Amino acid sequence: MLSSLVARGGLTIRVLNSESAPAESAGIFTDAVGEHIVVRSEHSATAGLFDQNGGLDVMWSWGDPRRRAAQEVERFDHAWSVGQLDVDQIPPTDARPPIPLSKEPEESCRVAEDPPNATRPTSAEFAIPPDIEVRDYQKDAMRAWLDAGGRGILAMATGAGKTLTALCLACKVAEQNKPLVIVVVCPFLNLATQWIREMARFGLNPISCFYSRERWERPLQEAYQRVSSGLMPCMSVVVSNATFLSPTFQAALRPSLAQHLLIADEVHNLGAKHLKSVLPQGISMRLGLSATPDRHGDAEGTRAIFDYFGDVVFEFGIERAIKEEVLVPYRYHPVLVDLTDDEAGTYRELTERIARLWSRAEDEDDSDQLKMLLIKRARLLASAANKLPALTAVLRAIGEPIEKAIVYCGDGTVECPATAELDRQIIAVTRLLGEKHALKVRKFTCDESAEEREEILTALRGGSLNAVVAIRCLDEGIDVPDVRLGFLLASSTNPRQFIQRRGRLLRRAPGKARAVIYDFIVRPPDFGGDADAGSFSLERRMFRRELERILEFCRTAENGPVALQQLQDLRVSYNLLAH
């Protein structure tokens with residue numbers, strides 16, 4: 001078995017013969033992902049040792065708080081790398097031809113699963129998996145980034161394979177840069193977990209840097225030591241934005257030891273004021289990924305991203321993605337909802353106050369007050385009470401239990417039909433779907449732990465849940481390709497949000513021909529001749545922003561013209577037919 005493994009390249013043996021300690025023996029067994037078992041004795045390891053009631057000290061690298069195994073490995077690596085005078089380095093002898101086996105070594109040897117929360121440093125083989133076909137547009141994206149000198153942003157539609165494109169590109173970079181350290185930065189823990197799964201397909205076992213410092217700091221240091229000693233040709237790290245920001249992680253980065261490739265997923269998040277100041281200047285190769293790299297309403301943050309990562313070097317929009325069958329087509333159904341009388345009164349009062357402040361919002365206090373009023377108005381629209389009966393009407397019209405659906409809610413409160421009490425919209429919707437429509441649903445918010453959220457997504461993929469009810473946590477990056485029904489009870493006018501949500505629903509999956517999106521839109525109340533010119537002008541401006549979002553949905557929908565026709569009367573009343 002040993003001879004066969006050596007001949008097949010599955011086993012490498014290195015031997016040190018130390019004249020200074022001839023009676024001492026030590027053996028170190030290291031697997032492909034850097035875990036060790038150390039066997040050590042103060043005597044020569046011969047059969048006679050056991051007859052003399054001798055013993056062996058056995059150590060292993062996992063669950064080893066005293067680092068006994070790690071110290072033995074470092075001692076061996078140091079002796080090998082510096083070439084001590086009293087140490088002979090004996091290279092492995094030529095292996096004999098493979099011995100015929102009844103099974104391949106991979107079949108006859110089973111590797112135990114990792115213990116919970118185990119962090120494995122890296123992998124020996126980093127390559128594009130044979131089952132992945134790199135599409136032409138992905139090759140174009142890789143070529144564009146390389147032609148730009150190893151910097152730039154790939155603006156690719158959600159669901160178009162940004163992760164796989166980035167990892168294939170990293171493989172190409174690794175061919176010319178050894179050793180290479182790949183640092184992937186993610187804004188959310190679920191997204192980080194997805195990256196780790198995808199990287200495993202490429203033969204990588206990245207260090208997970210998104211829990212407590214105690215769980216990643218030492219593995220990161222040890223991996224850098226292996227890189228510097230030439231034992232690790234490719235090291236990988238997945239880090240959350242929060243950890244990436246920390247001084248501890250910034251100090252742990254060692255770009256002087258090897259070439260580094262920084263991959264920032266959902267790169268627009270790094271334009272935030274608290275993050276852009278810590279982007280490491282010592283890393284020369286920088287790749288940004290986002291369907292929407294521009295930060296809505298933040299020109300300064302957008303410029304900071306482009307200054308660091310470079311400009312957009314490749315674009316692959318949703319229209320082209322649908323045309324080339326990278327994403328599935330979709331049907332779009334706007335659902336018009338009226339405010340209740342009480343909501344309409346509050347809405348009118350807020351609109352009039354906003355209109356007065358809008359004309360003189362130069363003072364900072366006025367500006368802050370204006371922002372608060374705009375937020376209140378947006379929450380009122382997002383959590384309009386009539387959206388719940390409208391949702392019930394849509395579900396009845398569908399006529400069969402929904403499957404693999406996402407329901408996006410606002411973060412405001414609403415009167416729950418079952419209790420007539422105010423409750424968060426997401427709680428009211430979850431209760432409505434579960435109790436009135438007998439659907440299996442769970443909410444997916446920041447209140448759930450990372451483990452719970454992963455469990456929820458697994459249940460949704462497997463069909464044991466009909467739907468998940470979310471606020472914002474499913475907006476970016478989370479891969480749920482089986483989802484084919486979307487109910488947008490609340491949406492902002494920020495293009496990033498609705499573009500990401502639409503892309504979430506259009507990912508391809510076996511048996512998925514198309515997606516269907518129901519968009520619940522509040523019809524502004526008609527105040528007739530009572531509205532002053534300032535209020536009407538403001539109302540028109542705000543509805544125009546909402547209309548831009550609706551037009552974008554209609555533009556690439558299978559039934560776009562028919563869907564847009566439902567808004568004809570509203571567009572006429574606000575003189576927005578040209579938009």
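This report describes the aromatic ring contacts of a predicted model.

## Aromatic pairs

Planes over 60 degrees apart count as edge-to-face. Both Tyr308 and Phe309 are buried.

A pair with another geometry is formed by Phe487 and Tyr518. Here the ring centres lie 5.4 Å apart and the planes meet at 10 degrees, so the pair is classed as stacked. The cut-off for stacked rings is under 30 degrees.

## Setting of the stacked pair

Phe487 belongs to strand β19 (residues 485-488), while Tyr518 belongs to strand β20 (residues 515-523); the pair therefore ties together parts that are 31 residues apart in sequence.

Phe487 has a relative accessible area of 0% and is buried. Tyr518 is also buried, with a relative accessible area of 15%. Buried residues are those under 20%.

## Aromatic cluster

Three residues, Trp216, Phe244 and Phe249, make up one aromatic cluster.

## Arginine over aromatic rings

Tyr308 takes part in a further contact: the charged end of Arg286 sits over the Tyr308 ring, 3.8 Å from the ring centre.

How values were computed
Residues numbered from 1 in each chain as written. Predicted model: local features only at pLDDT ≥ 70, side-chain atom pairs only at ≥ 80, totals over all residues. Heavy atoms only, no water. Buried < 20%, exposed > 50% of the residue type's maximum accessible area, 1.4 Å probe, protein only. Phe/Tyr/Trp six-rings, centres within 6.5 Å; stacked < 30°, edge-to-face > 60°. Helix = DSSP H or I, 4+ residues; strand = E, 2+ residues; numbered from the N terminus. Lys NZ or Arg CZ within 6 Å of the ring centre and 35° of its normal.
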